[in-house]
Amino acid sequence: MSRGGGRHRSRGLATAVSDPDRTRPHMSRPTARSATPIVVGALALLGAVVAFAETERPPAPPPIPGIEDLSGHLAELVPMCLACHGENGVPNYAESPVIDGQHEGYLYIQLRDYKNGSRTHEVMSEIVKDLSRQDLKELAAFFAKRPWPRLQQQAEEGDDVLAERLASAGMCKECHLGGYLGDSTVPRLAGQLTSYLVVTMRAFKTKERANNAAMSSLLDTYTDEEIDALARYLGAL
Ligand code: HEC
Ligand code: HEC
């Protein structure tokens, strides 16, 4: 009985030892047997080194939240948003803005404004019509966590001189901050889709976009050509 058990154990051991052996046919069995603890030891050491290196490295950036991380209502909604605003944040249409990496507070306010009618757009107003406040908050939080995409848009010659003069007169950076990166409820403008910036600045000017009186009265003083130059300049940042 005890002998039988011993035989079983030793057979089990022999199998375990000879298993890696089969993948290395040129290696003799005794070497493989004695090498096993060394390999195990080396792996443990490697693990320790990796763990050490891990603690020394700056913290890894948080993973990009994707559709696969979503559940519930958001999992149904987000794929629809991505159809226009872009799978990887690069908009699929000339009039759809970048929303990936935009500030959460700003995104929420826009969704809320489309819902309460103070900003209107035939598609966006329809989309948010039946969404709850919680849905809007979760959508804003989801898109804000994703990285801002690089659209690699080019400005035209002379845009920078004109745009910087206009921006300084309009004190754009007082609110949109250095680098036009925005914060909280003030949107990032740097690297936004140029064709969208043109549309939305003109809409502020004509008050077709009526959810910010300050932006409307400011842009009211600019010509269409000036707005185009500002849009190309900001889009290329
Ligand atoms: C059919 C295309 C389409 C779909 C689908 C769509 N959008 Fe939009 N979205 C647009 C367009 C076009 C605009 C610009 C509208 C305007 O000029 O007011 C916009 C504007 C926005 C804005 C304002 C951004 C800014 O910079 O002011 C937000 C936020 C937004 N969409 C979020 C979403 C979310 C969240 C979803 C999914 C629930 C979604 N969109 C689905 C086309 C779309
Ligand atoms: C007094 C503060 C202030 C100043 C000055 C200002 N902005 Fe804004 N801007 C805002 C705020 C706040 C919003 C968001 C409005 C909203 O909630 O709809 C905005 C929105 C915008 C948008 C819309 C972005 C989007 O994603 O739809 C553009 C474009 C813009 N500003 C351009 C400019 C330019 C160009 C200047 C200078 C000529 C300027 N702003 C000066 C506060 C300001």
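Colleague: Is glutamate 226 buried, partly exposed or exposed?

Modeller: In this predicted model, glutamate 226 has 17 C-beta neighbours inside 10 Å, so it counts as partly exposed. A residue needs 20 or more to be buried and 12 or fewer to be exposed.

Colleague: Where is glutamate 226?

Modeller: Glutamate 226 sits in helix α11.

Colleague: And what does glutamate 226 touch, apart from neighbours within four places in sequence?

Modeller: Glutamate 226 is in contact with Leu162 and Leu166. Leucine 166 is 60 residues away from glutamate 226 in sequence, yet the two C-alpha atoms are 7.9 Å apart.

Colleague: How many residues of α11 are buried?

Modeller: Nine of the twelve residues in α11 are buried, and the helix is mostly covered. The buried ones are Ile227, Asp228, Ala229, Leu230, Ala231, Arg232, Tyr233, Leu234 and Gly235.

Colleague: What covers them?

Modeller: The cover over the buried residues of α11 includes α7, α9 and α10.

Colleague: Let me step back. How many helices and strands are there in the protein?

Modeller: There are eleven helices and zero strands. Of the 237 residues in the protein, 21% are buried.

Colleague: What share of the contacts comes from residues 24 or more positions apart?

Modeller: Such pairs make up 64% of the contacts with a separation of 6 or more.

Colleague: Which residues touch the most other members in the largest nonpolar core?

Modeller: Leu111, Met201, Leu230 and Leu234 do, in a core of 27 residues. The elements giving two or more residues to this core are α4 (104-116), α6 (133-145), α9 and α11 (224-235). α11 supplies the largest share, six residues.

Colleague: Why does this core lie between domain 1 and domain 2?

Modeller: Domain 1 (67-144) and domain 2 (159-235) both give residues to this core, so it lies between them.

Colleague: Take Leu111. What does it touch, not counting residues up to four places away in sequence?

Modeller: Leucine 111 touches Val128, Leu136, Leu139 and Ala140.

Colleague: On to the ligands. Which residues are closest to ligand 1?

Modeller: The closest are Cys81, Cys84, Pro97, Gln110 and His121, out of 21 residues that surround ligand 1. Two or more residues of this shell come from each of α3 (72-85), α4, α5 (122-128) and α9.

Colleague: Which helix gives the most to the shell around ligand 1?

Modeller: That is α3, with six residues. By class, the shell around ligand 1 has 15 nonpolar, five polar and one charged residues.

Colleague: Where does ligand 1's shell stand relative to the two domains?

Modeller: Both domain 1 (67-144) and domain 2 (159-235) give residues to the shell around ligand 1, so it lies between them.

Colleague: What follows α3?

Modeller: Glycine 86 follows α3, and its phi is positive, near 100°.

Colleague: Which residues are closest to ligand 2?

Modeller: Ligand 2 is surrounded by 24 residues, and the closest are Gly170, Cys172, Cys175, Pro187 and Asn212. The elements that give two or more residues to this shell are α7 (159-170), α8 (172-176), α9 (194-206) and α10 (213-219). The largest share, four residues, comes from α8.

Colleague: How do the residues around ligand 2 divide by class?

Modeller: The shell around ligand 2 holds 16 nonpolar residues, seven polar and one charged.

Colleague: What about methionine 171, what is its phi?

Modeller: Methionine 171 is not a glycine, but its phi is positive, about 55°. Methionine 171 is in the loop between α7 and α8. It counts as exposed, because it has 10 C-beta neighbours inside 10 Å.

Colleague: And glutamine 152, where is that found?

Modeller: Glutamine 152 is in the loop between α6 and α7. Its phi is also positive, near 50°. Glutamine 152 is exposed, with 9 other C-beta atoms within 10 Å.

Methods: Residues numbered from 1 in each chain as written. Chains lettered and ligands numbered in written order. Predicted model: local features only at pLDDT ≥ 70, side-chain atom pairs only at ≥ 80, totals over all residues. Near = placed C-beta within 6 Å. Nonpolar A, V, L, I, M, F, W, Y, C, P; charged D, E, K, R; others polar. Core = buried A, V, L, I, M, F, W, Y, C linked by C-beta atoms within 7 Å. Domains from an automatic or database assignment. Contact = placed C-beta atoms within 7 Å.
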